[in-house]
Amino acid sequence: VIPMKELQRPRIDVVLSLTGLYRDNLPGVMDRLSKAILKVAALKEENNFVSQNTERIEAMLIERGIPAEDAGKFSRVRFFGNESGVYGTNLPDATLASDTWEDDAPMVDTYLSRMGYLFGTEEGTRNVKLDGLDLFAENLKGTKAAVLSRSSYEHGVLSLDHPFEYLGGIGMAVRALDGTTPELFIANLRDSKKFVNNTVSDFVAKERRTRYYHPRWIEEMMKDGYSGAN
């Protein structure tokens, strides 16, 4: 753990939202990150928001009747995702079924119910969901920014539904919980020598200029007929 004197900034609390493929293919990475969170959560420091939020959630869980040992374990979990064997948020289908809802509430419920399973590294905290308590929502409260990474030039944020169902889903859920949409960013990892964070609006604007409004790109897509139109 980097000492606070060297870090020279607060320790920021982070919630990690998993896709099903990450859950299935990167358990070792999840385990290492979870163990790092445990180390930081154990430090009692003035500007350690990981520790402060852990203590807040632990106290809330104990107040709700969760045994102290379990409350401690659950409060230290920061990985959330689908139940094992389940994939996606269901938001793409729900979005298309726009004749069935009038506001965001059903969409938020769909997102939180699908993505609310815990994936911690301590015993009893993997692939579980607490009855009557949405721990994912508790962790999302107070979120100021959400980030989605893009590492391939093949896909942007408009060419498939994952960006809006995952990053958009978080933004919508936080807005429902806090009343304010968090800032949304794309971690642009396409150039391995120059990683940058773009706002979603900037990233989408560039994607539209270089693809969907670009005559040469449109011409190349037309050469592929049906699949190009898709």
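The following exercises, each with a worked solution, concern a predicted model of a single chain.

**Exercise 1. Overall description**

State how many helices and strands the chain has, and what percentage of its residues count as buried.

Solution. The secondary structure consists of twelve helices and seven strands. Of the 230 residues in the chain, 34% count as buried. For the dimensions, the C-alpha atoms occupy a box of roughly 60 × 45 × 35 Å along the principal axes. Among contacts with a sequence separation of 6 or more, 67% come from residues 24 or more positions apart.

**Exercise 2. Packing of H3 against H4**

Determine how the axes of helix H3 and helix H4 are arranged, and which residues meet where the two helices are in contact.

Solution. Helix H3 spans residues 27-41 and helix H4 spans residues 49-63. Their axes come within 8 Å and cross at roughly 85°. An angle of 65 to 115 degrees counts as roughly perpendicular, and H3 is therefore roughly perpendicular to H4. On the H3 side, the residues are Ile37, Val40 and Ala41; on the H4 side, they are Val50, Ser51 and Thr54. Sorted by class, the contact contains four nonpolar residues, two polar residues and no charged residues.

**Exercise 3. The nonpolar cores**

Identify the residues with the most contacts inside the largest nonpolar core, and the element that gives the most residues to this core.

Solution. The largest nonpolar core has 33 residues, and those with the most contacts inside it are Leu61, Tyr111, Leu112, Leu135 and Phe136. Elements that each supply at least two residues include H4, helix H7 (105-115), strand S5 (145-150) and helix H10 (200-212). H9 gives the most, with six residues. Leu61 can then be examined individually: leaving aside neighbours within four places in sequence, Leu61 is in contact with Ile66, Ala71, Phe74, Ser75, Leu130, Leu133 and Leu135. A second, separate core has five residues, including Met30, Phe79, Tyr117 and Phe119.

**Exercise 4. Thr125**

Solution. The side chain of Thr125 reaches the backbone oxygen of Glu122 at 2.5 Å. Beyond neighbours within four places in sequence, the contacts of Thr125 are Lys73, Phe74, Val77, Leu118, Phe119 and Gly120.

**Exercise 5. Glu165**

Describe the surroundings of Glu165 in terms of the residues it touches and the polar contact of its side chain.

Solution. Glu165 lies in helix H9 and is buried, with a relative accessible area of 4%. Not counting residues up to four places away in sequence, Glu165 touches Gly88, Thr89, Asn90, Leu91, Pro92 and Tyr111. With one of these, Thr89, the contact is polar and joins side chain to side chain at 2.5 Å. Glu165 and Thr95 are 70 residues apart in sequence, whereas their C-alpha atoms are 9.3 Å apart.

**Exercise 6. Ala94**

Classify Ala94 as buried or exposed, and name the residues that Ala94 touches.

Solution. Ala94 belongs to helix H6. Its relative accessibility is 18%, and because buried means under 20%, Ala94 counts as buried. Once residues up to four places away in sequence are set aside, Ala94 touches Trp101 and Met107.

Terms used:
Residues are numbered from 1 along each chain as its sequence is written. This is a predicted model: local features need pLDDT of at least 70, side-chain atom pairs count only at pLDDT 80 or more; totals for chains, interfaces and linings use all residues. Side-chain values use heavy atoms; hydrogens and water are left out. Axes are lines fitted to C-alpha atoms, for helices over the stretch in contact, and angles run from 0 to 180 degrees between N-to-C directions. Helices (H or I, at least four residues) and strands (E, at least two) are DSSP runs, numbered from the N terminus. Angles under 35 degrees count as roughly parallel, over 145 as roughly antiparallel, 65 to 115 as roughly perpendicular and the rest as oblique. Contact means heavy atoms within 4.5 Å. Ala, Val, Leu, Ile, Met, Phe, Trp, Tyr, Cys and Pro count as nonpolar, Asp, Glu, Lys and Arg as charged, and the others, Gly among them, as polar. A polar contact is a pair of N or O atoms within 3.5 Å; within protein, one must be able to donate a hydrogen and the other to accept it, and residues adjacent in sequence count only if both atoms are side-chain atoms. A nonpolar core is a set of buried Ala, Val, Leu, Ile, Met, Phe, Trp, Tyr and Cys residues joined through side-chain atoms within 4.5 Å. Buried means under 20% relative accessible area, exposed over 50%, partly exposed in between (1.4 Å probe, protein chains only).
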